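Dear colleague,

I am handing over the structure that follows, and I would be glad if you looked through it with my notes beside you.

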Amino acid sequence: MTAQQPVKFMTIEERLNVNAWDVDIYRPHIKIKDPDKCRYCEKKPCTYMCPAKCYVQQGNIVVLSTEACLECGTCRVVCPYENIDWNYPRSGMGVWFRFS
Amino acid sequence: MSSKFDVIVVGAGPAGLAAAYKLASAGFKVLVLERGREPGSKQVYGGRIYAYWLDKYLPEFRKDAPTDRWVRKERVSLMTDESVTTIEFEVVKPEKTSFVTSLYSFTSWLGKLAASAGAKIVTEVVVDELLRDEKGRFIGVRSGQDKVYADYIIDAEGVNRLLLERAGIVPRLKPELVAVGAKEVLKFDNRKIMEDRLGLSEDEGLAWAFAGWPTEYLPGGGFLYTYRDSVALGVVVYLTAWRQLVTPVYDLAERLRTHPYIARLVAGASLQEYSAHLTPVAGISMAPPRFSYDGLLIAGDAAGFLMHAGVLIRGVDFAVASGVLAAEAIKEAGRPDALSRYDDKLKSSFIIRDLAAFRNADKVLSGQFAFNDLPKLVNALMRNYFTIEDRPPTIASALKTTLGESNVSLTKVLINMMYALAYL
């Protein structure tokens, strides 16, 4: 075995970059129903339960970008206010798993 | 897509494709609708596949299904910030009882099998709705503007059962019923390096479960499985953990990979794919009120057919078997309003028997003992016993010191052991 290299922690963006995608940028498949409701959501679990970091807190609001969505459905289930309108991407779009 | 089919299967996963294969083989005109580009391209699992029930329900897999590595070595590790205690079980003579391969390649194989039997698999189609007639019988599916009709519908849409929710059959998915898994597939340039580090010979596999540190001591766990020349490394955390979890889920798998204990095992391997999926964790509690309705059968994860008993996690064998039983029910029924036999078949099969036997597993696994107290206590006990200082410890003194340092009483330990014996 060769000498150990220091292990670098890859950011989620770096990790998502290795995946294959076919992104439907014109028709996001997930929407926040009422963005105003997120202001009053104390823990905003979507921002840390989503495995792809699709939800980012900016100030007191939540910004959603679906390009790197892994289509797991966690956000829909975990949103305490049932404030997420969730669908699968249309016609074969989205992530394309090949090795999992 | 105007022609009418005998059967429409929603979802080209192990459940849907097993059903499609059996029905097409029996001469039924079968249409499989899959939202991904090809069968398997939206799928993720831990994982491994157990062979015992596949031998009964889909013996064809022995001939040419991809089985990267047959599991020879089982490891269960209790992990804390400071140490790891591992139980390892290895059979001296290799057996073929469970194997590790990517779910993508297994599903791909099953898709080819179903297609060769005559099933028509149409990909890149998202089904939006199950269609019913005025009497409430299921008669077809809708995708966007397109409608397709059939005598029988098999819903094998997976854990995220939007169609069943929209049809009013099941309530909205609750955090108590599912966990999210995030997984990294790490590829070795030279698989000999992987085999040497994990103590495997060619074609031998390792299945490894971790409890404690990987989930910040919350319900769930870490896993490592060996594919042919890569490892699947990941973390599963119950969605109920959302109130306590500090590390974001999107960093949990990478946090495990870079833990010094794991890092040296996978050093040099490069990330091939980062994936995530929900998985049922509450077994039979996730089941719909019935598995058969007029014109509709529910199979696989959509029906909650995943056995979760902590270390033992089985989904693919349950999915395949339920698909095969759905096909048998349709063959025998002869008409869409005589499908309740599917419920009977499930009840007399291992599927409901095993799920029912583990119906309380979730009570043990969703509490804080299994993933918090236990890993910490066992590691403290090991440290207290193996550390030789002034006065050498006895087993009893090490145990006494360990419990004294913790806030867990011996009574609590014993009670939880009894629960584990009763429910797991």
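This is a predicted model: local features need pLDDT of at least 70, side-chain atom pairs count only at pLDDT 80 or more; totals for chains, interfaces and linings use all residues.

Chain B has an average pLDDT of 95, and 99% of the residues in chain B score at least 70.

In chain A, strand β3 (residues 55–58) is joined by 4 bridges to strand β4 (residues 61–64), and the two strands run antiparallel. Within this pairing, A:Q57 has A:V62 as its bridge partner in β4(A). Together β3(A) and β4(A) make a hairpin with 2 residues between them, and in the turn A:G59 has a positive phi of about 65°.

In chain B, helix α1 (residues 14–25) packs against helix α4 (residues 103–116) at an angle of about 20°, their axes lying 8 Å apart. Because angles under 35 degrees count as roughly parallel, α1(B) is described as roughly parallel to α4(B). The crossing in which α1(B) passes α4(B) is left-handed.

As for the residues that make this contact, α1(B) contributes B:P14, B:L17, B:A18, B:A20, B:Y21 and B:A24, which meet B:L103, B:T107, B:L110, B:G111, B:L113 and B:A114 in α4(B). The residues of this contact of α1(B) with α4(B) divide into 10 nonpolar and 2 polar, with no charged residue among them.

Methods
Residues are numbered from 1 along each chain as its sequence is written. Chains are lettered from A and ligands numbered from 1 in the order in which they are written. Side-chain values use heavy atoms; hydrogens and water are left out. Two strands pair if DSSP finds at least two bridges between them. pLDDT is the predictor's confidence in each residue, from 0 to 100. Axes are lines fitted to C-alpha atoms, for helices over the stretch in contact, and angles run from 0 to 180 degrees between N-to-C directions. Angles under 35 degrees count as roughly parallel, over 145 as roughly antiparallel, 65 to 115 as roughly perpendicular and the rest as oblique. A crossing is left-handed if the near helix is turned anticlockwise from the far one by less than a right angle, and right-handed if clockwise. Contact means heavy atoms within 4.5 Å. Ala, Val, Leu, Ile, Met, Phe, Trp, Tyr, Cys and Pro count as nonpolar, Asp, Glu, Lys and Arg as charged, and the others, Gly among them, as polar.
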